[in-house]
Amino acid sequence: MKQTPSEWLAHLPRYLSAAQARLRKLDEGKVDRDQTLSAQLASRLDPYRRFAADAKPGNDELTTYRWMLEEWRVSLFAQELGTSIPVSDKRLDKQWKKAQRVR
């Protein structure tokens, strides 16, 4: 929690609700869909984690990207909860490029 920027702390309950919604959908047998969405998420999370491991502290663009990924996770797995910011593949790509420019 100490690393969570204050502006995102208020969203943590929604993220937990999204995780619960995802688990409910798995219980309903929507495993194939979950696997497909998980692969989509991993395609962005894995590069983020590798980049973040070597990134200099204070890369605000990377921090923004990280929280955009959380919003995208909500959009993928619990769309009914809505997102706090607009998020899409195109927006993620644009933010990722900004984050990579800060070295």
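Predicted model: local features only at pLDDT ≥ 70, side-chain atom pairs only at ≥ 80, totals over all residues.

Q: Why is the pair of Tyr15 and Trp67 called stacked?
A: The ring centres of Tyr15 and Trp67 are 6.0 Å apart, and the planes stand at 20°. Pairing needs centres within 6.5 Å, and stacking needs planes under 30 degrees apart. So the pair is stacked.

Q: What makes the pair of Tyr65 and Trp96 tilted?
A: Its planes are at 45°, with 4.9 Å from centre to centre. Stacked means under 30 degrees and edge-to-face over 60, so the rest count as tilted.

Q: Which parts does the pair of Tyr65 and Trp96 tie together?
A: Tyr65 lies in helix α4 and Trp96 in helix α5 (residues 89-101), so the pair links parts 31 residues apart in sequence.

Q: How do you know whether Trp96 counts as buried or exposed?
A: Trp96 has 16% relative accessibility. Buried means under 20%. Trp96 therefore counts as buried. Tyr65, at 2%, is buried too.

Q: What makes Arg22 a charge over the ring of Phe77?
A: Arg22 lies over the face of Phe77, at 3.9 Å from the ring centre. The distance limit is within 6 Å. Arg66 lies over the face of Trp67, at 4.0 Å from the ring centre.

Q: Which element gives the most to the lining of the largest pocket?
A: α4, with four residues. Arg66 and Trp67 are among the lining residues. The pocket holds about 280 Å³ of space.

Conventions:
Residues numbered from 1 in each chain as written. Heavy atoms only, no water. 1 Å grid on protein atoms, 1.4 Å probe; cavity = no way out; pocket = protein on both sides within 12 Å on 5 of 7 lines; lining within 4 Å. Points joined across faces, edges and corners; volume = space filled by probe spheres on them. Helix = DSSP H or I, 4+ residues; strand = E, 2+ residues; numbered from the N terminus. Buried < 20%, exposed > 50% of the residue type's maximum accessible area, 1.4 Å probe, protein only. Lys NZ or Arg CZ within 6 Å of the ring centre and 35° of its normal.
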